[in-house]
Amino acid sequence: MDASDTRGRLVRTALQLFWEKGYASTSVADVLQRAQVNSGSLYHFFPGKQDLLLAVLDEYHAGIYPMLLEPAWLGVDDPIERVFALLARYRAALVDSECFYACPIGSLALELHEPDLAVRERLAKNFTAWVQAIHACLVEASSRLPARLDRLELAHFVLTTMEGGVMQARTYREIETFDGAVRQLRRYFDYLMGARGGKRPRARKTNGKPTRRRRP
């Protein structure tokens, strides 16, 4: 086994263990045992456990498109439907795991309460790449959404829906909470696409006080 194979095995093993057990609960010995690599090889590439974590976060980032987005979007041409196809991929992971699945980056972000700058920057980089992919879909669907809509904020909101839905499904051990979150997001998109340029309902007066006309 050459050096690149050894390094790759260590990173992939740590990635799996951090996802299964959490960063704090995974020891260097756990990684060595699962990867079947000696300590000298590990410390040759990674002076400490945090260096291994940084490599894992880089691996996640590199895999966002080929491992997550590309499979989710295969055969899906509509940019709005690509948003929901990505969420459906997380749903499938929850169903397959009986709601034990957790987003790896979200889990690490929650576990590491005060991460060092290098770790925090890589966590943010992963979230940013995810958001940018959704943002690109929203920009592509630009003519179907209100002109004044902040598409980047909406992309962040989609991420919030996914992370919150996954967390609640894991907590309740049921898929209904995830489905409910996505269903509400879908209704919001339907509302936006029906808003015809994002015009707000005209204000009307009742008893001398301005009110908003409710949409049916």
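Helix α8 (residues 151-172) and helix α9 (residues 176-193) have axes that come within 7 Å and cross at roughly 160 degrees, which makes α8 roughly antiparallel to α9. The crossing of this pair is right-handed. This is a predicted model, in which local features need pLDDT of at least 70 and side-chain atom pairs count only at pLDDT 80 or more, while totals for chains, interfaces and linings use all residues. Residues are numbered from 1 along each chain as its sequence is written, and side-chain values use heavy atoms, with hydrogens and water left out.

Helices (H or I, at least four residues) are DSSP runs, numbered from the N terminus. Axes are lines fitted to C-alpha atoms over the stretch in contact, with angles from 0 to 180 degrees between N-to-C directions; angles over 145 degrees count as roughly antiparallel. A crossing is left-handed if the near helix is turned anticlockwise from the far one by less than a right angle, and right-handed if clockwise.

Which residues of α8 meet α9? Among them are Leu154, Phe157, Val158, Thr161 and Met162 in α8, which face a set in α9 including Phe178, Val182, Leu185 and Phe189. The contact (heavy atoms within 4.5 Å) divides into 14 nonpolar, four polar and no charged residues. Here Ala, Val, Leu, Ile, Met, Phe, Trp, Tyr, Cys and Pro count as nonpolar, Asp, Glu, Lys and Arg as charged, and the others, Gly among them, as polar.

Helix α9 also packs with helix α5 (residues 79-96), and α5 and α9 are therefore roughly antiparallel to each other. On the α5 side the contact includes Phe84, Leu87 and Arg91, and on the α9 side Asp179, Val182 and Arg186. This contact has 10 nonpolar, no polar and four charged residues.

| Helix pair | Angle | Axis distance |
|---|---|---|
| α8 and α9 | roughly 160 degrees | within 7 Å |
| α5 and α9 | about 175 degrees | 11 Å |
| α4 and α6 | roughly 145 degrees | within 11 Å |

Now to helix α4 (residues 49-73), whose 25 residues reach 35 Å from first C-alpha to last, close to the 36 Å expected at 1.5 Å a residue (1.5 Å times one less than the number of residues). At Gly63, α4 bends by about 60 degrees, and Pro66 follows within four residues; the bend is the angle between axes fitted to the seven residues ending there and the seven starting there. Just after α4, Gly75 takes a positive phi of about 80 degrees.

Helix α4 passes α6 in a left-handed crossing. Leu53, Leu57 and Tyr60 of α4 contact Pro104, Ile105 and Leu108 of α6, giving six nonpolar, no polar and no charged residues.

Note on methods
Helix = DSSP H or I, 4+ residues; strand = E, 2+ residues; numbered from the N terminus. Parallel < 35°, antiparallel > 145°, perpendicular 65-115°, else oblique.
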